[in-house]
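This report walks through a few local features of one protein.

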Amino acid sequence: MLAQLIEAAKERIGKKARSSGARKQIDKLKGEWLGRWEAKRRSQERPINPYFVMSEFMRVIPSADAIVTHDSGSPRDQLLPFYVAKKPRGYLGWGKSHQLGTGLGLAIGAKIGAPDKFCVNFMGDAAFGMTGLDFETAARCGIPITTIVLNNSTMAIETHAMALSHEKHKTRDLGGNYANLAQDLGGWSERVTEPGEVAGAILRARRVNENGRAALLEFITSSETAFSHRRGVA
């Protein structure tokens, strides 16, 4: 459809090149926006900033080699504005239309459909609590995906919505070693606590996938609640 639209536009405007300056303006605005997020995307803080994890992923994994998705919690809001897929079907974006944990099944399906791609789903520890045992399906069936768990030990995105219940019952608190669980389920895993180890862990997971095994990376992250699309936030 887009190709047909382009052809129709060419017929209307003729061969003469036209420029409204929109591309230059968009590049300028995007550069300014990225600049406001540079500190988080390059942060060396501990626990690891989730924006740094995603930035390192984009730095070491060519988007043309990957199919990437997320979950409907914080990882969605942190990945969606920044991830650039340079080829069609390289990014599976689905908003908040499904439950936490849906991205794991989508990654499994993507790998079956495109076995030559590095298929990755980003999820939080709450999402893993919903559907994490489905990682065993990937391990048992020889579907070599990579699951990246951003473990901040809390439901950070629900801080305001669950204020009273958390005050009374600590309902946002989470716990567990998901890397250990992934090994018990038959996969390969690493637990990463240092920013300097993020890129290497991602590349090791990719090699594990290439050798036919499902992989899980558990990054111990901060409770980041700043999102690009929210009003009043940089």
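Which residue caps the N-terminal end of helix 3? The model is a predicted one, and in it Asn 49 takes that place, with a side-chain oxygen 2.8 Å from the backbone nitrogen of Tyr 51.

**Helix 3**

Helix 3 covers residues 50–60 and is mostly covered, as nine of its eleven residues are buried.

**Aromatic pairs**

A pair of aromatic rings is described by how far apart the centres are and by the angle of the planes. Over the whole structure, a search finds nine aromatic pairs. One of them is formed by Trp 37 and Tyr 51, which make a tilted pair with 5.1 Å centre to centre and 55° between the planes. Trp 37 belongs to helix 2 (residues 22–41) and Tyr 51 to helix 3, so this pair ties together parts that are 14 residues apart in sequence. Trp 37 is buried, at a relative accessible area of 1%, and Tyr 51 is buried too, at 2%.

A further pair involves Phe 57 and Phe 122: the ring centres are 5.4 Å apart and the planes stand at 80°, so the pair counts as edge-to-face. Phe 57 lies in helix 3, while Phe 122 lies in strand 3 (residues 118–124), so the pair ties together parts that are 65 residues apart in sequence. Ring pairs also link Phe 57 and Phe 122 with Tyr 83, Tyr 91 and Phe 118 into a cluster.

The relative accessible area of several residues named in this report is listed below.

| Residue | Relative accessible area | Class |
|---|---|---|
| Phe 57 | 1% | buried |
| Phe 122 | 0% | buried |
| Cys 119 | 0% | buried |
| Asn 121 | 0% | buried |
| Cys 141 | 45% | partly exposed |

**Cysteines**

A disulfide is a covalent bond between the sulfur atoms of two cysteines. How many disulfides does the count come to? The count is zero. Cys 119 is buried, with 0% relative accessibility, whereas Cys 141 is partly exposed at 45%.

**Asn 121 in strand 3**

Strand 3 also holds Asn 121. This residue is buried, its relative accessible area being 0%. Which side chain does the side chain of Asn 121 join in a polar contact of 2.8 Å? The partner is Thr 147. Neighbours within four places in sequence left aside, Asn 121 is in contact with Thr 69, Gly 103, Leu 104 and Ala 107, and also with Ile 145, Thr 146, Thr 147 and Ile 148.

Which element gives the largest share of the lining of the second largest pocket? Helix 2 does, with four residues.

Note on methods. Residues numbered from 1 in each chain as written. Predicted model: local features only at pLDDT ≥ 70, side-chain atom pairs only at ≥ 80, totals over all residues. Heavy atoms only, no water. Buried < 20%, exposed > 50% of the residue type's maximum accessible area, 1.4 Å probe, protein only. Helix = DSSP H or I, 4+ residues; strand = E, 2+ residues; numbered from the N terminus. Polar contact = N/O pair within 3.5 Å; in protein donor to acceptor, adjacent residues only side chain to side chain. Phe/Tyr/Trp six-rings, centres within 6.5 Å; stacked < 30°, edge-to-face > 60°. Disulfide = S-S within 2.5 Å. Contact = heavy atoms within 4.5 Å.
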